Amino acid sequence: MLTFTIRRLLFAIPTLLFIALVIFMLLELAPGDPMANVPLTVPAEVKEQMRQALGLGEPVHIRFWKWIVQFFWIEPLNVFDHMFGTTFAEGKLRIISWQNRAPVFITIAERIPQTLWVVGTSYVVAILIAIPVGIYSAYKQYSVFDQAGTFVTMIGFSVPPFFSGVLVIIIFAVQLRWFPSIYDTRLVVDSWDSFGMQVRQMFLPVMVLALQITSQLSRFMRASMLDNLNQDYVRTARAKGLREKTVVLVHVLRNSMIPVVTVIALGVPAIFGGAIITEQVFKVNGIGQLLITAIQANDLPMVQTLTFIFAVLIVLFNLIADVLYGILDPRIRYD
Amino acid sequence: MTDARDPLTPVGNDIGVVAASAAVAGAEPLLITAARSQWWDVWDQFRTHKGAMVGAAIFLAILALVVIGPLFVDMEAGIKSDMRARNEPMSLEYPLGTDRLGRDMFARMIAGGRVSLAVGLTAMALSLVLGTLIGVLAGYFKGLDGPLMRLTDLFLALPLLPLLLVMVLLFREPLTAAFGIEVGIFILIVSAIGITSWMQTARIVRGDVLALKEREFVLAARSIGTPSRRIVTRHILPNVLSPIMVSATLGIATAIITESALSFLGLGFPPDFPTWGRLLNDGVPFLELYPGRAFWPGLAISLVVLSINYVGDGLRDALDPRIRGR
Amino acid sequence: MPDGDTRNVLEVNNLRTVFGTRSGEVHAVNSVSFHVKPGELLGVVGESGSGKSVTMMSLIGLLPSPPADVREGEVLLDGEDLLKVTPDRLRDVRGGEVGFIFQDPMTSLNPVFTVGYQIMEPVRRHMGLNKKQAKARAIELLELVGIPGAAGRLSDYPHQFSGGMRQRVMIAIALACDPKVLIADEPTTALDVTIQAQILEIVEDLRAKLGMAIIWITHDLGVIAGIADRVAVMYAGQIVEHAPVFPLFNDPRHPYTRALLKTIPTVSGERAAKLQVIEGQPPMLGAAPTACPFRDRCPLVFDRCHAENPLRADVGDGHDVACFHPLAHTAKEAVA
Amino acid sequence: MTRPLVKVRDLKMHFPIYAGLLRRQVGAVKAVDGVSFDILEGETLGLVGESGCGKSTCGRAVLRLYDITDGEITVDGRAIGSEDQRSLRKMRPTMQMVFQDPQACLNPRMTVGSIIGEPLVEHTAMSKAERTDKVRDLMDKVGLNAAFINRYPHEFSGGQRQRIGIARALALNPKFIVCDEPIAALDVSIQAQVVNLLEELQDSLGLTYLFISHDLSMVRHIADRVAVMYLGKVVELAPRDALYDEPLHPYTEALLSAVPEPDPAKAGQKRDRIVLQGDVPSPANPPEGCNFCTRCPRVMDVCTRLDPEFREVKPGHWAACHLHD
Amino acid sequence: DGHEGERGRDGEVSIIYWQAPSTMNPFLSGGTKDVEAASLVIEPLARFDETGAIQPWLASEIPTTENGGISEDLKTVTWKLQDGITWSDGTPFTSADVKFTYEYCTDPEGGCAQVTKFEGIESVETPDDLTVVITFAEPQPYPYSAFTGGESPILQQAQFADCVGAAASTCTEQNFNPIGTGPFVVDEFKTNDVITLSANPNFRFEGKPAFASINFKGGGDAEAAGRAVMQTGEFDYAWNLQLAPEVIAQMETGGLGTPVAGFGPLVERIMLNNTNPDPALGPDERSVVRPHPFLSDPAVYRAMSMAIDRPLLVEIGYGQAGKVGCNWVPAPEVYASTSMECSTQDIEGAKAMLEEAGWVDSNGDGVREKDGVELRMLYQTSTNAVRQDFQQLIKEWWEEIGFAVELRNVSGSVFFGGDAGSPDTFQKFYADVEMYANTFNGTDPQSYLGNGLCDKAPRPETQWQGENISRFCDEEYDALWAELAATSGVEARAPIAKQLNDMIVQRGGMIPLVHRGRLSAHANDLGGVKLNVWDSELWNVADWYRIGE
Ligand SMILES: Nc1ncnc2c1ncn2[C@@H]1O[C@H](COP(=O)(O)OP(=O)(O)OP(=O)(O)O)[C@@H](O)[C@H]1O
Ligand SMILES: Nc1ncnc2c1ncn2[C@@H]1O[C@H](COP(=O)(O)OP(=O)(O)OP(=O)(O)O)[C@@H](O)[C@H]1O
Ligand SMILES: [Mg+2]
Ligand SMILES: [Mg+2]
């Protein structure tokens with residue numbers, strides 16, 4: 001298991017470097033310019049000067065190399081400095097956003113908490129809903145509950161969040177005034193009151209996101225349960241005189257969870273990546289919104305860094321999913 | 001030494017058994033051997049699946065509306081503005097009302113449906129073909145597995161928006177020049193969506209192929225001397241049909257929605273070219289004033305997705321001869 | 001051999017089980033009756049699909065319902081009708097008073113729980129032991145079924161065991177609570193002869209030691225000949241012949257039993273030039289039987305067989321058979 | 001009846017095991033480890049042994065469905081041991097295979113007609129009509145009602161399915177067929193039908209079989225000569241009667257004694273059954289010396305050190321055991 | 001009401017900008033959102049008020065020739081600073097800071113976005129702590145661009161001393177949290193998200209600001225911003241609500257807020273390509289070769305203009321935030337030409353005009369042609385719902401009078417991106433007509449009118465830089481503009497400017513469509529809001545207060 005993990009990690013390095021290069025080239029080829037958002041009243045020569053100030057004059061390969069060095073060496077050094085109060089990274093140029101001339105990692109660090117709060121919570125909520133729903137639908141296959149579940153999940157899948165999000169805002173924030181329509185990222189949870197506020201403002205985005213995630217997860221859970229409910233060992237468990245609850249919730253569930261857990265693990269990068277549209281609709285200025293504004297502003301260092309972090313997470317969580325599979329399923333041993 | 005029965009079909013067996021015994025007893029005439037098209041069997045089975053039939057009916061109704069609707073509906077009304085009829089509610093003349101330029105929503109829905117369905121179906125087909133091809137190649141040929149799966153990882157990790165931007169930049173001019181604006185952009189959008197959405201299918205197919213490859217009937221085909229190419233087409237592909245079917249269902253929804261996002265970013269069809277996604281998008285700001293504007297396209301997308309899902313279920317069952325016996 | 005106890009631990013009368021499927025009903029078990037006494041081993045033979053497993057699973061409600069439906073009959077375990085008891089009581093019976101061993105040792109154990117956990121489960125459930133006691137019991141059981149180093153293997157997973165050992169674990173689970181009746185559904189079919197020999201050895205030992213009633217399902221007549229006291233032959237959901245083991249092998253009365261005995265080659269004795277076969281296929285069980293199910297394949301078939309389903313009739317010495325043919329009751333060699 | 005149709009010399013089939021950080025090969029599953037035998041034209045060679053001892057691998061390797069590790073194989077005068085798969089295709093019609101699991105070896109989505117017709121599509125230029133005729137012909141030959149040509153495998157009983165497999169194997173008029181446990185998955189009453197069919201076909205078409213099975217009684221019935229395998233090696237090879245009456249290898253003896261006798265009288269006598277202890281060792285890690293030494297009831301010192309040579313102990317009766325040195 | 005009282009008495013005010021500020025340093029960004037956010041903290045010497053009139057801010061008075069602040073030769077301007085102003089950190093505000101700001105922005109490596117504000121300045125002198133003397137190389141008839149308005153506020157020298165030139169971008173702390181003289185100071189700045197500010201304890205006016213803190217939220221969309229102010233009451237002020245008029249009206253029924261509109265020089269217009277965009281000419285030639293095959297014909301572009309129903313466009317697209325626009329320079333009042341009328345659609349007139357000029361549909365395909373040239377056009381604009389509606393309507397009108405129009409929309413980030421490599425930018429103008437809006441800063445249109453000069457045309461040799469998008473070129477125009485540049489005094493300048501405006505519209509440079517205003521909304525209980533389109537909208541935030549019950 002350990003060597004498997006190490007081996008996969010080693011293999012991941014060239015893959016990641018290649019991904020970094022591809023992302024870089026893609027962004028390089030993409031149309032658009034960091035000056036697009038500067039008003040038309042600013043003349044072109046000035047824009048050109050601003051471009052030069054961003055380092056856009058340098059050739060592509062040099063910029064790529066610089067970025068690599070900054071990402072893999074200078075930024076970690078900064079983290080180190082931050083943790084131990086050293087000054088190794090002093091004076092070294094960090095990855096700077098073109099939009100605000102600040103190190104991209106500062107902005108990213110600011111954004112992570114709200115993304116984790118909202119997207120993370122919806123993921124947890126979705127899991128908590130999807131698993132029982134999946135279990136019950138499979139256990140009572142073709143029952144009314146199961147049919148209704150299929151219907152709802154399909155709707156949940158097919159309605160884009162830019163529609164459902166606005167819809168719930170209009171119903172719950174505008175008409176009923178139950179929840180705020182705009183997420184307040186400044187809120188610090190330090191008391192029951194502020195916690196209540198946090199719950200209130202998270203409610204709508206979490207609801208919209210969770211519906212989507214639940215739709216997919218519960219389908220998956222159901223299929224996995226169905227696979228296992230017909231297995232011979234289930235009959236064995238029943239023959240032992242175990243309670244139906246034990247049979248389903250211990251024997252079947254444990255087996256069904258193996259693929260589901262890995263699917264859940266594979267979905268984790270998406271939590272960090274944020275849910276772009278939902279964040280946009282509810283003004284949860286998280287990572288997803290950061291990415292979309294960076295793309296709109298053609299802030300290549302930011303886009304490059306974010307997408308690369310995302311790629312790293314995907315590769316990492318693929319690995320974690322594999323390892324989890326190995327841990328959860330005693331039959332599988334990678335070596 | 002029991003007869004190893006497929007757990008799926010405890011009953012299917014017995015029908016065969018009866019037929020067989022009848023034949024042994026000489027009861028069955030030897031005449032009915034004329035090859036009956038296997039699609040009849042598929043249809044027969046499909047017909048018994050209630051959900052699938054309802055789904056198919058709805059889908060066909062939408063398709064019919066979209067395809068032959070223009071013969072009965074004044075499509076001009078959906079394209080030309082009419083300042084005297086702005087923001088009309090639902091009425092006989094305008095079954096779904098009109099929009100803020102006085103265009104007939106019903107006609108626009110039909111026109112939008114043509115584009116959305118065409119995009120959804122072709123993009124889905126393209127992504128399925130790509131996904132299946134890559135999945136099968138990776139699963140079947142050991143040497144290709146590593147590189148192709150890395151490629152899949154790569155695509156999964158790529159930011160789609162910039163990728164689409166690049167594609168549009170590089171290919172829009174040549175394509176519109178070669179095929180005209182509508183076809184050119186259609187090709188562009190379909191390929192953009194197809195190219196960025198095949199990865200899930202590829203992974204699933206690969207997994208299934210890996211398992212199928214070890215099945216004895218593949219070995220049997222090899223022992224006969226069937227070359228790999230035909231083993232894949234004849235034995236592997238038909239057996240990965242059901243996961244592909246599932247991907248197809250979800251793929252159409254994703255394609256229709258992605259198209260709307262593309263239109264939204266100005267990368268899609270020209271603005272005077274309605275699609276369901278665009279109509280939905282345009283309707284959202286007016287959700288409070290004119291809920292229908294977002295509701296109808298939203299409903300259309302959901303209906304298509306739902307009906308295709310049920311059709312997919314039925315088709316999957318119908319295509320599987322083991323279930324068909326039931 | 002059964003001792004003096006003549007009480008029946010398990011008595012099954014007129015059991016009928018029907019499956020409702022999309023293409024109609026399947027009458028898998030039709031009016032099956034049998035009984036076992038403590039310490040006795042009843043062998044059940046019959047070809048695939050003849051309803052052996054369904055019969056046994058009907059006894060303790062292991063069939064999923066729907067589609068299965070036990071229509072009729074009584075299952076008396078020490079006089080208590082298992083078809084009428086509450087689900088809770090039934091669960092107490094399962095694993096507690098009736099042990100079950102399944103055919104396929106590869107899939108009948110849950111792959112994600114340790115062997116120890118799976119053995120301890122019924123022990124804790126039915127005997128109310130605590131963890132420590134249960135563990136001791138599990139070790140004891142594993143030693144009983146002949147797994148060396150039992151204590152060390154409790155924390156192993158099923159896949160770490162070979163097929164033979166897994167089947168021994170299954171036996172240990174079935175025996176865990178000292179059941180009164182052990183039902184073994186083709187426990188050795190998936191195993192090699194040498195391993196089968198080991199298992200048979202173990203079961204015979206255990207029977208002597210624990211004195212429980214055993215129902216042993218198989219279609220290997222060789223196995224039956226070696227271990228059974230009495231044999232029931234099933235065909236198309238019915239018991240067509242039932243007799244103590246010697247009379248059955250020496251003097252089979254039902255044409256099906258006779259044919260069955262003929263088909264199997266042996267490793268000793270003279271070698272037949274050609275194997276005997278039973279032509280044809282078993283019938284579909286689409287409806288309750290109204291005629292002899294074997295009629296289409298029977299060399300002795302005559303009018304009555306098409307009109308009526310023969311009932312089991314005693315031919316003496318605890319030997320009964322369901323056949324109209326006059327020869328069946330007397331003659332030794334009737335089948336060509 | 002004299003020319004060896006198939007000659008196998010020192011056949012080895014090792015499946016590599018990779019492990020470690022760099023996925024280096026650290027060992028091999030020695031599924032078949034030095035097997036030699038001849039099969040004469042028109043005869044049936046039985047191959048028996050416990051599960052996992054390498055019978056199937058051996059059968060497949062002989063047909064070159066695997067790229068073998070080492071050894072020579074000659075089929076019908078042509079050395080195919082090291083030929084590549086592409087050129088082997090031409091050779092395929094000569095040698096065919098019938099598989100263990102009649103359910104698994106038939107593509108569930110193809111009709112019987114297309115399954116049986118597949119080899120014809122691959123190797124002949126028949127028209128569709130000719131092919132249908134030939135398929136009907138074959139179905140007739142194996143005792144399937146030709147009316148079932150458009151049915152799917154699941155609509156048949158196990159025995160019938162096995163007939164489909166046999167028909168497919170016969171389609172190209174092969175000389176040599178490897179039957180890999182063709183009856184293992186079948187019911188007793190149906191086993192006999194299949195075995196009889198195989199025998200009939202052999203008589204009428206002059207086929208040569210390698211008949212793999214773990215059912216000793218069936219092998220006794222069908223085979224002319226029998227080879228017994230244990231852990232990747234043939235431990236004994238002899239004409240049928242010689243082997244059953246007078247086994248030379250302790251493993252063969254144990255195997256024979258373990259077969260239950262369907263006669264309660266004899267069973268009651270408890271003819272001295274030799275119950276082997278323990279399990280078969282892993283083929284990835286076979287014991288030192290004789291492969292059987294860990295379970296052998298008559299193990300000697302030398303057995304744990306030296307691998308016994310496979311030699312002709314009596315005329316036509318080969319064995320690999322130190323008892324007969 | 002809450003006019004008087006102590007500082008911070010009204011608690012918190014919440015402002016929402018649907019475009020989120022990314023920095024507080026307007027010299028590094030130039031985006032309106034950043035400039036306006038910064039105006040809460042840092043201030044210029046003078047501002048324009050809601051009428052466009054210049055007002056002293058940190059200066060004690062506006063320098064003019066009359067008060068001697070501007071020299072006779074129009075080459076030097078002397079600003080007198082108010083005495084006693086301190087930075088929010090308590091240190092005094094001096095002329096050195098002003099001079100530093102000039103140096104900061106004009107450093108060639110700094111990439112200053114406002115460098116045009118300092119164009120033509122030869123030197124900035126500080127004779128004493130309260131005097132700033134600006135010397136221009138040439139006479140400046142309108143010298144109020146440096147240090148005036150929200151784009152050109154004063155930075156504190158002490159804070160930014162190490163941030164000059166290439167180092168500008170490394171000063172994250174400074175750029176996010178500049179020390180200013182304004183009513184508020186930054187407590188926390190979260191890029192593109194939210195800014196928390198609190199009242200400046202050292203602010204120069206007693207009892208101001210009324211609010212103790214500001215929650216400045218960024219991001220989202222105009223719709224949500226409007227909703228948050230007018231329907232849910234979560235925010236007090238929402239900036240720039242570019243929404244369909246009926247949506248605004250509907251939101252207003254929420255009863256919690258009011259939309260307010262203000263008009264600057266922003267004009268939505270259709271630019272007419274004066275060169276031939278035929279793709280067959282190749283990527284470079286197609287933007288240089290003159291003339292355009294048919295747009296050079298006055299009958300054609302006049303007919304195009306006549307066919308447009310501007311009041312309808314206003315109604316559909318902008319409502320109270322739009323007016324019929326016939327001029328390129330619609331404001332300030334003094335510069336707005338009144339010579340043209342365009343508020344009635346005249347389809348028949350347009351047809352007749354074309355007919356007369358010889359554009360007839362001789363082959364019956366619905367498209368007029370003349371000498372083998374058909375009236376086929378490609379009409380492009382950026383992606384934006386209102387623009388797409390406009391495109392649709394205008395296309396219909398034009399087709400009615402015998403044109404064939406193909407529409408195209410390009411993502412704003414590409415269209416306005418100025419990427420020389422992209423064929424889709426508005427500067428390349430690879431289309432026959434294109435639609436967008438533009439404006440100018442401050443109140444003087446001189447440099448804006450300069451966008452019509454021949455040599456300002458973007459073309460390959462200028463790397464596609466230049467503001468003369470339509471590539472309008474007219475010697476008379478160039479000469480007249482030179483005259484404007486040499487004239488001082490509004491009275492003299494205004495007629496010339498109007499003449500220039502008329503010339504470009506009448507000679508085929510563009511078709512103005514809508515004079516656009518800016519629409520913002522404030523909560524009904526927020527007092528003191530004066531929508532200002534000439535400067536930062538938040539220019540008088542120090543005077544805002546909460547209206548009590
Ligand atoms: N779930 C089910 N639904 C419908 N029919 C069923 C079901 N399970 C079993 N049957 C039918 O019941 C009959 C008896 O099956 P059973 O499994 O008892 O046979 P068996 O004698 O145990 O055979 P084997 O030797 O193969 O185990 C068969 O005809 C089978 O098809
Ligand atoms: N493709 C493979 N890769 C690795 N090991 C294999 C492979 N195929 C077979 N083996 C191993 O080779 C050994 C022999 O397998 P084989 O299938 O030949 O046995 P067998 O005698 O046919 O058994 P059975 O009676 O169960 O069919 C087994 O240990 C098996 O695990
Ligand atoms: Mg069974
Ligand atoms: Mg095998």
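Author: The model is a predicted one. From the N terminus on, chain A runs α-α-α-α-α-α-α-α-α-α-α-α.

Reader: How many helices and strands does chain A have?

Author: The order of elements in chain A, read from the N terminus, is α-α-α-α-α-α-α-α-α-α-α-α. The count for chain A is accordingly 12 helices and 0 strands.

Reader: What share of the residues of chain A counts as buried?

Author: The C-alpha trace of chain A spans about 80 × 60 × 40 Å along its principal axes. Its accessible surface comes to about 14,000 Å², with 70% belonging to carbon and sulfur atoms. Burial is assigned under 20% relative accessible area. Of the 335 residues of chain A, the share that counts as buried is 58%.

Reader: Which residues of chain A lose the most area to chain E?

Author: The contact between these chains takes 51 residues from chain A and 61 residues from chain E. Together they bury about 4,300 Å², 51% of it on carbon and sulfur atoms. On the side of chain A, 17% of the buried area comes from three residues that lose the most: L40(A), R101(A) and R186(A).

Reader: Which residue of chain E forms a salt bridge with R186(A)?

Author: Between chain A and chain E the count is 2 salt bridges. In the one that involves R186(A), the closest N and O atoms are 3.4 Å apart, and the cut-off for such a pair is 4 Å. The partner of R186(A) is E12(E).

Reader: Which element gives the most residues to the side of chain A that touches chain E?

Author: Across this interface there are 15 residue pairs in polar contact, both members at pLDDT 80 or more. At least two residues each come from α2 (44–53), α4 (104–139), α6 (161–175) and α11 (287–296) of chain A. The element that gives the most, with 9 residues, is α2(A).

Reader: How many nonpolar, polar and charged residues are on the side of chain B that touches chain A?

Author: The area buried between chain B and chain A is about 3,000 Å², of which carbon and sulfur atoms give 81%. This interface has 0 salt bridges and 1 residue pair in polar contact, both at pLDDT 80 or more. Elements of chain B that give two or more residues include α12 (241–264) and α14 (291–319). By class, the side of chain B has 23 nonpolar, 5 polar and 4 charged residues.

Note on methods:
Residues numbered from 1 in each chain as written. Chains lettered and ligands numbered in written order. Predicted model: local features only at pLDDT ≥ 70, side-chain atom pairs only at ≥ 80, totals over all residues. Heavy atoms only, no water. Contact = heavy atoms within 4.5 Å. Buried area = accessible area lost by both parts, 1.4 Å probe. Salt bridge = Lys/Arg side-chain N within 4 Å of Asp/Glu carboxyl O. Polar contact = N/O pair within 3.5 Å; in protein donor to acceptor, adjacent residues only side chain to side chain. Helix = DSSP H or I, 4+ residues; strand = E, 2+ residues; numbered from the N terminus. Buried < 20%, exposed > 50% of the residue type's maximum accessible area, 1.4 Å probe, protein only. Areas by Shrake-Rupley, 256 points an atom, 1.4 Å probe, with all protein chains shown as cover. Nonpolar A, V, L, I, M, F, W, Y, C, P; charged D, E, K, R; others polar.
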